[in-house]
Amino acid sequence: MRFVDEFRDADKAHALAAKIAALCEPGRQYKLMEVCGGHTHTIYKHGLEDYLPEQVTLVHGPGCPVCVIPMGRMDDAMALAAEPDVIMTSFGDMMRVPGSHGSFFDAKARGTDIRMVYSPLDSLKIARSNPGKRVIFMAIGFETTAPSTAMTMLRAAAEGLTNFSVFCNHVTIIPAIKAILDSPDLRLDGFIGPGHVSTVIGCRPYEFIARDYGRPVVVAGFEPLDILQSIYMLMQQLSEGRAEIENQYARVVPWDGNVVALKAIGETMELRPYFEWRGLGFISHSALKVRDQYAQFDAERLFSVPGVRVADPKACQCGEVLKGVLKPWECKVFGTACTPETPIGTCMVSPEGACAAYYNYGRLTRTRVKEASRP
Amino acid sequence: MCLGIPGEVIEFLPDQSDLARVDVSGVRRVINVGLLADDPPKPGEWVLIHVGFALSKIDEDEAAAALSFLEGIGQAYEDELAALQDSRIE
């Protein structure tokens, strides 16, 4: 109850907000990006933007793995699910993501065998108990979930299972941050670093952001005060002209990450030359594929995958939202044609997507009031 | 999928040292603790669970804080917890 209780009395939040405001240089605007969708969720749920001085803007980043899956990969997954004797298994988060011809839920309603699982180990168990079927796990996620896919493949190998495979869509966060830093659309002053991803990769991989781009990073926890504290730490660095990597979430995130997890990923997977991200386009070395040594568990090699690139629906502006160029409510279809019940874009599907988080909590933030009152 | 759920380690499964029974909000489920092989948790210690795997050890205060945060999230956490309850990896 510690942080939520502390936040509920709001005194600490206001005290931090005052300290943040005191660090603002007159006339300077500060744009800070929270990379992780979990942070976006906390920010909207607790209306943290309303605590911040006008000069500080939070920009929502690409750190929601559901949101960044391009439609073509979803179509590939549908094609795999339609193969004879296949049982497709997926996290619940992916079930409503629209492909060109509907979602997993729609396909399931049409009779395709698609099952929701909590863990890739559940998929492994389905494979064990259905030896006549070919079980595919739709693997998605950043470095938070990649170790579990890796460990599951290692286990499948140890057990000698021959009817389990992985459709690997794991992405890596660092190249996405680099793509945003290199993007001419947006000038950011600092980053609120992802919490759970950093549990695996640690803090070192962010060092290039400070070294090569001169921007500070503070890895943050998920509670409202964690995020305000991290913003304060970023503002302190900016006011002192420092650019360093700091760890606000040290109670969970070790500086060097989880070495066993990194080893498991490295053993079973390797970087793809490039991968398409929704909204960000093709990014070099930004996703993982199954290594040759584990080819027997690679659905992309066991089956034929269409691999067709599909353009996003024209009306959908997920790309701009994911890059932080547009706020969710600035999208043309936000809240009208696109809602959590009938999502057009991925940002509205996942509860951690900026659009769904904003829609669900319907916050009329300072910025929005300002936008709305503009003639 | 991205949510880290705190669980208290109850016991390790006999003959399967990478599997442990944990208590998550009163529900007991088996999870994989292989990612903590460098510093395995002991019964009574808390871990943060992601998609069936313990990813980090946490202390009891952090577990309580994480839990109340998750409860505040509402539906997304309920869905995740329901999925965990249906999970049978052993």
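**View 1. B:Gly74 and helix H1 of chain B.** Just after H1(B), B:Gly74 takes a positive phi of about 85°. Helices here are DSSP runs of H or I with at least four residues, strands are runs of E with at least two, and both are numbered from the N terminus. The model is predicted: local features need pLDDT of at least 70, side-chain atom pairs count only at pLDDT 80 or more, and totals for chains, interfaces and linings use all residues. Residues are numbered from 1 along each chain as its sequence is written, with chains lettered from A and ligands numbered from 1 in the order in which they are written. H1(B) covers residues 60–73, and its end C-alpha atoms are 20 Å apart, which agrees with the 20 Å that its 14 residues should span at 1.5 Å a residue (the expected span is 1.5 Å times one less than the number of residues). B:Glu62, B:Ala65, B:Ala66, B:Phe69 and B:Leu70 are the buried residues of H1(B) (buried: 20 or more other C-beta atoms within 10 Å of the residue's own, with C-beta atoms placed from the backbone). These buried residues fall within an arc of 135° seen down the axis of H1(B), so they line one face of the helix (the arc is that of the directions from the helix axis to the C-beta atoms).

View 2. Strands S4 (residues 46–50) and S5 of chain B run antiparallel and are joined by 5 bridges (two strands pair if DSSP finds at least two bridges between them). B:Leu48 has B:Ser56 as its bridge partner in S5(B). The hairpin has 2 residues between the strands, and B:Val51 takes a positive phi near 35° there. S5(B), residues 53–58, is largely enclosed by the rest of the structure, because 5 of its 6 residues are buried.

**View 3. Helix H6 of chain A.** In H6(A), 7 of the 10 residues are buried, so the helix is largely enclosed by the rest of the structure. The buried residues are A:Pro120, A:Leu121, A:Asp122, A:Ser123, A:Leu124, A:Ile126 and A:Ala127. Their cover includes strands S3 (86–90), S4 (114–116), S5 (134–141) and S6 (164–170) and helix H7 of chain A, together with strand S3 (27–32) of chain B.

**View 4. Where chain A touches chain B.** In this view, 36 residues of chain A are in contact with 32 residues of chain B (contact: C-beta atoms, placed from the backbone, within 7 Å). H6(A) gives the largest share of the chain A side, 4 residues.

Terms used: Two residues are in contact if their C-beta atoms, placed from the backbone, lie within 7 Å. A residue is buried if 20 or more other C-beta atoms lie within 10 Å of its own, exposed if 12 or fewer, and partly exposed in between; C-beta atoms are placed from the backbone.
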